[in-house]
Amino acid sequence: MKKKNLSWGSKAAKSQYLEKLMSNVKAEATDYKIDQNYIVGEYINHFKFGHGFIQKVVNPTKIEVYFKGFEKLLLQNRTKA
């Protein structure tokens, strides 16, 4: 499925849209792991922050994730030491 870039008129509109998406796919969310590679549009379940939506791949080692009411930068493709 091709992901579509959307622009939101406000943070509230973005929040409502993403929360609606997340509420429909929580069963499809995969557990977040720092050593995994993620793409825009995937849903994750973070052990601390809960369910999230990958909204941007910042670079090969960082992703921007929307969680209910806030956004976080998380690491990806990192090996555990």
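The questions below go from the overall fold to strand pairing and then to the aromatic rings.

Me: In what order do the elements of the chain run from the N terminus on?

Reply: This is a predicted model. The chain holds 1 helix and 5 strands. Read from the N terminus on, the order is α-β-β-β-β-β.

Me: What percentage of the 81 residues in the chain is buried?

Reply: A residue counts as buried when its relative accessible area is under 20%. The chain exposes about 5,900 Å², with carbon and sulfur atoms supplying 51% of that area. Among the 81 residues, the buried share is 27%.

Me: In which sense do β2 and β3 pair, parallel or antiparallel?

Reply: A hairpin through 3 residues joins β2 to β3. Asn-45 stands opposite His-51 in β3. Over 4 bridges, the sense of the pairing is antiparallel.

Me: How many bridges join β3 to strand β4?

Reply: β3 and β4 form a hairpin, with 2 residues between them. Val-57 stands opposite Ile-63 in β4. The two strands run antiparallel, and the number of bridges joining them is 6.

Me: Is the aromatic pair of Tyr-43 and Phe-53 stacked, edge-to-face or tilted?

Reply: The whole structure has 5 aromatic pairs. In the pair of Tyr-43 and Phe-53, the ring centres are 5.1 Å apart and the planes make an angle of 55°. Stacked rings need planes under 30 degrees apart and edge-to-face rings over 60, so an angle between these limits counts as tilted. The pair is therefore tilted.

Me: How many residues apart in sequence are the parts that the pair of Tyr-43 and Phe-53 ties together?

Reply: Tyr-43 is buried at 14% relative accessible area, and Phe-53 is buried at 11%. Tyr-43 belongs to strand β2 (residues 43-46), whereas Phe-53 belongs to strand β3 (residues 50-59). The pair thus ties together parts whose separation in sequence is 10 residues.

Me: Why is the pair of Phe-67 and Phe-70 stacked?

Reply: The centres of the two rings are 5.5 Å apart, and rings pair if their centres lie within 6.5 Å. Planes under 30 degrees apart count as stacked. The planes of Phe-67 and Phe-70 stand at 25°, so the pair is stacked.

Definitions and conventions
Residues numbered from 1 in each chain as written. Predicted model: local features only at pLDDT ≥ 70, side-chain atom pairs only at ≥ 80, totals over all residues. Heavy atoms only, no water. Phe/Tyr/Trp six-rings, centres within 6.5 Å; stacked < 30°, edge-to-face > 60°. Buried < 20%, exposed > 50% of the residue type's maximum accessible area, 1.4 Å probe, protein only. Areas by Shrake-Rupley, 256 points an atom, 1.4 Å probe, with all protein chains shown as cover. Pairing = 2+ DSSP bridges.
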